[in-house]
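Q: I've got a model open with ligands in it, and I'd like to learn how to read the sites. Can you walk me through it?
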Amino acid sequence: MVIILVGGQWGDEGKGKVIDYLAARADMVIRSQGGNNAGHTVITEHGEFKFQLIPSGILHPDCLCVIGNGVVVDPIVLLKEISQLKERGIEPNNLIVSERAHMVMRYHPLFDQLEEEARGDDRLGTTWRGIGPAYADKVRRIGFRMGDLQKAAFMRKKLAFVVEQVKNPILEKLYEKPAYDWESMLEEYTRYARELDPYIKDTFPIIQEALDNGKKILLEGAQATMLDLDFGTYPYVTSSNPTAGGALTGSGIPPTRVDLTVGVFKAYTSRVGYGPFPSELLDEVADQIRERGHEFGTVTGRPRRIGWFDAAVARYSTRVNGVGVAALMRLDILDDQPLLRICTGYDLPQRCREYVDRVGELIGAPVQLIGTGPRRDQFVTRGPDLFE
Ligand code: IMP
Ligand code: MG
């Protein structure tokens, strides 16, 4: 039995809580994309846990937690998360990492930052965790996989090539930054290899065996549909496929084995980073929801942009992922709002909105009512209700 869990909006829907609930009943939880740009919060009787790489199922000792082939793993962060768990008395003996998963290397977060800075006003608002550059190198076939850590001679040869031939010339000539010393880097990765060795496995046969034995498997999605590289608001997206399709390629589970996709939605919407957000609120209601809901990034601490529930986005997510069951989270945060709104749709394309705004400017009154056809529903209203 396989359940895929996906975020239905722009992330931070409260997936961690739903995963924790489902993981209690699952035999295996698999992360299949993203990296430590994710931040899943789980609150238990032992306090609050924030996971970035380790699947949230780790708190259930009988649940095997897999970091799948589609994830990009920063070994420094993984080791830190493992030691934090140990400090709190949790031995992650139920954790395995796919040897096919790519690594976020020393230089990836730096390139993430340098590229963002170079974009200036067009920046994407990434988390600076090196996620985009790591996936780009995977596609360019100059990435390092977790399994490479176990091949010393290969690591040495490839690190010398990638650092000397690809990374350093760009750093020095384009960004005027100091070059990396690949030999000291090699020493560093040799240490990670030793410490992570017990966790690195060929996860494919393990997952296949679990499928054959009818085990309950949960695919833990990170990020969300609207941040999907293909189906999200490109280029304001993350560099992986957080949708149901990505869960399959990122774990090696065939589509015919999936039983259900659960879509997680928040009762309102939030977004970190730049890019389109049609139901965004820019008034004090946004501030109230942000404060009440502690809507600040788990990873970066940035204040999240806030908006009403966008049913058009949610419907789109349901279709992209084939969502069969929805979870609606954080309803309590809206408790003290006297008026709740739902965005049910919007059909004005950007160029059209610009035209309408320009007309409004020229006539000296905001255009709030727009006819788009003879039918009753072919009528776009903007701004607050006129009787309010
Ligand atoms: P990146 O994944 O760091 O490349 O960032 C790309 C975009 O995805 C930025 O807008 C980030 O704020 C957003 N993003 C990445 N991971 C998450 C997440 O876990 N929750 C919410 N937004 C995210
Ligand atoms: Mg998050």
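Q: Let's start with ligand 1: how many residues surround it, and which are the closest?
A: Keep in mind that this is a predicted model. A residue joins the shell if one of its heavy atoms lies within 4 Å. Here 15 residues surround ligand 1, and the closest are Asn37, Thr127, Thr238, Val272 and Arg302.

Q: What classes of residue make up the shell around ligand 1?
A: Sort them by side-chain class. The shell splits into seven polar, six nonpolar and two charged residues.

Q: Which polar side-chain atom lies 3.1 Å from an oxygen atom of ligand 1?
A: Look for N or O pairs within 3.5 Å. That one belongs to Arg302. Thr127 also takes part, with a side-chain N or O atom 2.6 Å from a ligand 1 oxygen. Gly125 uses its backbone instead: a polar atom there sits 3.4 Å from an oxygen of ligand 1. As for cover, ligand 1 alone exposes 470 Å², and the protein buries 95% of that.

Q: Now the metal: which residues are the protein donors of the magnesium ion (ligand 2)?
A: Check which protein atoms reach the ion. They are Asp12, through OD, and Gly39, through its O, at 2.1 to 2.8 Å. The two are 27 residues apart: Asp12 is in the loop between strand 1 (2-7) and helix 1 (15-23), Gly39 in the loop between strand 2 (28-31) and strand 3 (40-44).

Q: Is Gly39 buried or exposed?
A: Compare relative accessibility with the 20% cut-off for buried. Gly39 has 17%, so it counts as buried. Asp12, at 25%, is partly exposed.

Conventions
Residues are numbered from 1 along each chain as its sequence is written. Chains are lettered from A and ligands numbered from 1 in the order in which they are written. This is a predicted model: local features need pLDDT of at least 70, side-chain atom pairs count only at pLDDT 80 or more; totals for chains, interfaces and linings use all residues. Side-chain values use heavy atoms; hydrogens and water are left out. Donors are N, O and S atoms within 2.8 Å of the metal (3.2 Å for Na, K and Ca); water is not among the atoms, so sites may look incomplete. Helices (H or I, at least four residues) and strands (E, at least two) are DSSP runs, numbered from the N terminus. Buried means under 20% relative accessible area, exposed over 50%, partly exposed in between (1.4 Å probe, protein chains only). A polar contact is a pair of N or O atoms within 3.5 Å; within protein, one must be able to donate a hydrogen and the other to accept it, and residues adjacent in sequence count only if both atoms are side-chain atoms. Accessible areas come from the Shrake-Rupley method with a 1.4 Å probe; for residues, only the protein chains shown count as cover. Ala, Val, Leu, Ile, Met, Phe, Trp, Tyr, Cys and Pro count as nonpolar, Asp, Glu, Lys and Arg as charged, and the others, Gly among them, as polar.
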